[in-house]
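Here is a short walk through one chain fold. Keep the sequence and the structure side by side as you read.

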Amino acid sequence: MEYPATPAIKRAWVTCIIRIMPFLRRDFRFPAALIPLAALTVALAACSSGSPSSAPAGKSSSMAGMDMSSASASASGTGGMAGMPGMASSGSGGMNMSAAPACPPVPKLSAPPKRVVTMDAGAAAILIQLGLGDRVVGTAAPDFEAAFTGTMAKELKAVKVIDPGRGNKEAVLAATPDFVTGISVYELGSFNGTPTVGLLKQNGIGVYVACDSGTGTVTGLDETYAYIQDIAGLFQVPAKGAALVASMKQQIAAAAAPADGTGVLALSAAPNGGQGVNTEGGASLTNGIITLAGGKNIAASVGSEFATLSAETVTKENPKVIVAITGLTSQTPAQLVTSIESSPLLAGTDAVKNKRIVTVPQTILLSPSLLNADAVTAIARAVAAAR
């Protein structure tokens, strides 16, 4: 059930802000208490034109989470509004508070792209895995590299970083790409200074990013698979795209046991008393990953990407596994686990009592990624151990 304490219009404001917080948090790790109240007021006003029912039909899965639970996470992982990172910032780190951009359609290209800029290293990894690494002339958001190991980590390190932040338009255009891609529509114009789809097209640059339908309960990795196959098609290597998708599906099939209703709760911060438990709803990619792992997201019935459950609901559902989503606050994975274990709201759950808490990086759990199958595998192990 949704936590019913907030009026609808306030939920609309809060949701608008929360959706962009994880993007900001990775660039600004200081409490919002340092931000003038006027800046927060302007941000709220910018969000107020919409309502929960006015969200665009097509939305991107979050580049860095779009995770409602980050609303209660401060730089130390314990605050509420005081934990909001800076919203009024210049450069590619700041966030445009207007509505989400529309998902661009798959472009019609006259030839496969030769010079590609990726708006994040996660997209670069997919291109490299498809045998297209030599086409990547630069990337932004290199922090997505952190989840990769081995050969892929080395190959990503070799990709030129054109912007350590979100990818400002000057750096993107200076790289002279003929194609720009990424794992989120929010990478295109939502950050101050980043290029819009219109600007790229005006400069003769093709553009495509991962987008979901924005409707229905997510039960798998359809968005990830579609992005991989669409990119492979644009580069005229469809067989490689199909092979990569088949490999991910094979890894998932080998890892997951049949679903048996084992309850799973996803958290990026320990809940605060009186604020409910903020988590991932049924329309999130996280829900699809938990489902593939053989678990049951206890917030799956909430038909949105984000969910706020009452403490009573969490107690009743009694999750046997908690997924600790790392990378959305300044807490280390160990600190996040400790804060979850110390939460009075979660102390009675089987997950905490039996120490069934698995950490998963937000870059591979909340967004399309080459490593989504690894996220499934990690959660599947925890689910199997809890049975």
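How many residues of strand 10 (residues 321–326) are buried? The count is 6 of 6, so "buried" needs its cut-off: under 20% relative accessible area, with exposed over 50% and partly exposed in between (1.4 Å probe, protein chains only). Strands (E, at least two residues) and helices (H or I, at least four) are DSSP runs, numbered from the N terminus.

This is a predicted model, in which local features need pLDDT of at least 70, side-chain atom pairs count only at pLDDT 80 or more, and totals for chains, interfaces and linings use all residues. Residues are numbered from 1 along each chain as its sequence is written, and side-chain values use heavy atoms, leaving out hydrogens and water.

In a regular strand the side chains alternate between the two faces of the sheet. Strand 10 is covered on both: Val-321, Val-323 and Ile-325 are buried on one side, Ile-322, Ala-324 and Thr-326 on the other.

Strand 10 pairs in parallel with strand 6 (residues 263–267) over 4 bridges; pairing takes at least two DSSP bridges. Here Ala-266 stands opposite Val-323. Strand 11 (residues 357–361) also runs parallel to strand 10, joined by 5 bridges. Thr-359 is the bridge partner of Ala-324.

Follow the chain into the loop between strand 10 and helix 11 (333–341), where Thr-329 is found. Thr-329 counts as buried because its relative accessibility is 5%. Its side chain reaches the backbone nitrogen of Gln-331 at 3.1 Å.

Now turn to another region. Strand 1 (residues 116–118) and strand 4 (residues 179–182) pair in parallel over 3 bridges. Val-117 has Val-180 as its bridge partner.

Key. A polar contact is a pair of N or O atoms within 3.5 Å; within protein, one must be able to donate a hydrogen and the other to accept it, and residues adjacent in sequence count only if both atoms are side-chain atoms.
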